[in-house]
Amino acid sequence: MIKLIVDSTCDLNGDILDKYDVEVIPLSITIDEKTYLDGVDITTDKIYQHMKDGKVPKTSQVSFESVSKVVEKCISKDLDFIYLAFSSKLSGTYNFAKKIIDIYKEKYPERKMAIIDSKGGAGGTALILIQALKMIERNLPFEYIINQIQFMVQYIVYRFTISDLEWLSKGGRISKSAGYIGNKLNIKPYLFVEDGLIKVSKMIRGNKKTIQTLVNDIEAGTKKFKNQIIGISHADDLETALIVEGKIKASIKECKTTIFKIGAVLGTHLGIGGVGLFFFNEKPEFYEM
């Protein structure tokens, strides 16, 4: 048997958690000088409430204890495993966890263990996870699943926007003046992920125009592969996520959609109100709706 592992930067929803047994390694979040394990000691909703109260949480990568606990659990149950980790360009989590897993590989050479840099996170990692779980259900070989995951990492597309520029200024990611002016003018940064890094594509004025830009990019990006699951993630803004979902379903009849709530770690950096879209612009060899 093969176990799928992610960390708490991967967005999960009830559809996944109700059907599959996924191991989640938590990152850490610090608020008021107290540190919590994401999703273990504190919920995403509680983190968002702290943010609404004006607090700016800080985050840190996975710990040795969190990684080794999950790895040893798999070994004790004679399970091979694949860990789909947060982008190595955005966190030290992948490189740190890889060093730990390499130690276990030497100690237990009979077990198959792999860690893959997702070069992303949130709903993008979740879409890859869904297909990997379906491959495990089909009892496909370990090496084949690895190859398919690596293909999906290469062809997953991230498009997202941030609602509140002032939140970025609170976290020191942009100047306070830029955050203030941006919010007053209703300017939204439009972002994408390239080679594991978040980059700004352009600045868009107005919510409606921003949403339409997201939908237009989905239409263009899925021309060769319409019959797929499109992921929509939101940072405590289900209303906007549902609007986006409705527009996508009206435009791309062949697709399915799934909505995620952005986890606390990424929500801490993006701020409340961010919305992201995730899809493949090339069809993997294995793909199930």
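## Basis of the model

Residues are numbered from 1 along each chain as its sequence is written. Because the model is predicted, local features need pLDDT of at least 70 and side-chain atom pairs count only at pLDDT 80 or more, while totals for chains, interfaces and linings use all residues; side-chain values use heavy atoms, with hydrogens and water left out.

## Overall form

The protein chain has eleven helices and 13 strands; helices (H or I, at least four residues) and strands (E, at least two) are DSSP runs numbered from the N terminus. The C-alpha trace spans about 60 × 50 × 30 Å along its principal axes. For 289 residues, a compact globule would have a radius of gyration near 19 Å, and the 19 Å of the protein chain agrees with this. The radius is taken over C-alpha atoms, and the globule rule is 2.2 Å times the number of residues to the power 0.38.

Of the 289 residues, 53% are buried. Buried means under 20% relative accessible area, exposed over 50%, and partly exposed in between (1.4 Å probe, protein chains only).

Strand E7 comprises residues 113-117; five of its five residues are buried, so the strand is largely enclosed by the rest of the structure. In a regular strand the side chains alternate between the two faces of the sheet. In E7, Met-113, Ile-115 and Asp-117 point one way, and Ala-114 and Ile-116 the other way.

Strand E6 (residues 80-85) runs parallel to E7, and five bridges join them; two strands pair if DSSP finds at least two bridges between them. Phe-81 has Met-113 in E7 as its bridge partner. From E6 the chain crosses through helix H4 (residues 93-107) to E7 in a right-handed β-α-β crossover, meaning that, with the strands pointing away from the viewer, the path from the first strand over the helix to the second runs clockwise.

## Strands E3, E4 and E5

Strand E3 (residues 28-31) takes part in two antiparallel pairings: with strand E4 (residues 34-37) over four bridges, and with strand E5 (residues 58-60) over three bridges. Thr-30 stands opposite Thr-35 in E4, whereas Ile-29 has Thr-59 in E5 as its bridge partner. The hairpin of E3 and E4 has two residues between the strands, and Asp-32 takes a positive phi near 50° there.

## Individual residues

Asp-78 has a phi near 55°, a positive value in a residue other than glycine. Asp-78 is in the loop between helix H3 (64-76) and E6 and is exposed, with a relative accessible area of 52%. Ala-122 also has a positive phi, about 50°, although it is not a glycine. Ala-122 belongs to helix H5 (residues 122-137) and is buried, with a relative accessible area of 8%.

Tyr-190 lies in strand E9 (residues 187-194) and is buried at 1% relative accessibility. The C-alpha atoms of Tyr-190 and Ile-103 are separated by 41 Å, and the two residues are 87 apart along the chain.

## The second largest pocket

The second largest pocket has a volume of about 400 Å³. On a 1 Å grid over the protein atoms alone, a pocket is an open set of points with protein on both sides within 12 Å along at least five of seven lines. Grid points are joined across faces, edges and corners, and the volume is the space filled by probe spheres (1.4 Å probe) set on the points.

The pocket is lined by 14 residues, of which Cys-10, Leu-12, Leu-17, Gly-39 and Thr-44 lie nearest its centre; lining residues have an atom within 4 Å of a point. The lining divides into seven nonpolar, four polar and three charged residues. Here Ala, Val, Leu, Ile, Met, Phe, Trp, Tyr, Cys and Pro count as nonpolar, Asp, Glu, Lys and Arg as charged, and the others, Gly among them, as polar.
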